[in-house]
Amino acid sequence: MRTKLLAVALLAAGSIFAQISVGIRIGPPPPPRVVRVRPVAPGPGYVWLDGYWYAVGSRYRWHAGYWTRPPYEGARWVVPHHDGERFFAGYWDGDHGRLEHDHHWDRDHDRDYRHDHH
């Protein structure tokens with residue numbers, strides 16, 4: 001009987017701990033910056049992504065708008081957003097799957113184009 005009670009107690013404790021998630025929650029980002037001039041597209045196949053805030057640890061950093069080519073044909077940009085509780089980063093999505101935008105290698109007009117995706 002003691003063994004059964006111990007097993008039930010361990011299962012109950014396991015289910016309680018399984019419901020705990022760890023993450024950083026920050027408030028909503030500031031309002032988007034207003035940009036009055038959009039540069040000319042560098043060539044065919046480019047899409048303009050408006051500037052947006054993205055989370056870095058417990059604060060936000062501004063990413064200015066830019067021209068880029070999608071990582072693969074048919075990919076669409078899903079804008080970053082805050083749902084009132086959590087911040088969700090922007091990403092590319094389409095028939096070939098989801099591709100996160102990596103701000104560490106964000107240097108040129110082809111920043112996402114044909115980037116290795118899984």
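Mentor: We start with a definition: a nonpolar core is a set of buried Ala, Val, Leu, Ile, Met, Phe, Trp, Tyr and Cys residues joined through side-chain atoms within 4.5 Å. Please keep in mind that this is a predicted model.

Trainee: Which residues make up the largest nonpolar core?
Mentor: Nine residues belong to the largest nonpolar core: L49, Y52, Y54, Y66, Y72, A75, W77, W92 and L99. Another core lies apart from it and has five residues, including I26, Y60, W62 and F87. As background, nonpolar side chains in soluble globular proteins tend to be buried together.

Trainee: Why is Y91 called buried?
Mentor: Buried means under 20% relative accessible area. Y91 has a relative accessible area of 16%, so Y91 counts as buried.

Trainee: What does Y91 touch, not counting residues up to four places away in sequence?
Mentor: With those left out, Y91 touches R76, W77, V78, R98, L99 and E100. Take R76: R76 and Y91 are 15 residues apart along the chain, and their C-alpha atoms are separated by 8.4 Å. Y91 itself is found in strand β8, which covers residues 91–93.

Trainee: How many bridges join β2 to β3?
Mentor: Five bridges join strand β2 (residues 52–56) to strand β3 (residues 59–63), and the two run antiparallel. Y52 has H63 as its bridge partner in β3, while W53 stands opposite W62. β2 and β3 form a hairpin with two residues between them, and G57 in the turn has a positive phi of about 65 degrees.

Trainee: Why is the pair of R98 and E100 called a salt bridge?
Mentor: The cut-off asks for a side-chain nitrogen of Lys or Arg within 4 Å of a carboxyl oxygen of Asp or Glu. For R98 and E100 the N to O value is 2.5 Å, so the pair qualifies as a salt bridge. The structure holds three salt bridges.

Trainee: What does the salt bridge between D93 and R76 tie together?
Mentor: In this salt bridge the closest N and O atoms are 3.8 Å apart. D93 lies in strand β8 and R76 in strand β5, so the pair ties together parts that are 17 residues apart in sequence. R76 has a relative accessible area of 47%, so R76 is partly exposed.

Trainee: Where do R38 and D50 lie?
Mentor: Their side chains meet in a salt bridge (4.0 Å, N to O). R38 lies in the loop between α1 (2–18) and β1 (47–49), and D50 in the loop between β1 and β2, twelve residues apart. Both R38 and D50 are exposed.

Definitions and conventions
Residues numbered from 1 in each chain as written. Predicted model: local features only at pLDDT ≥ 70, side-chain atom pairs only at ≥ 80, totals over all residues. Heavy atoms only, no water. Buried < 20%, exposed > 50% of the residue type's maximum accessible area, 1.4 Å probe, protein only. Helix = DSSP H or I, 4+ residues; strand = E, 2+ residues; numbered from the N terminus. Contact = heavy atoms within 4.5 Å. Pairing = 2+ DSSP bridges.
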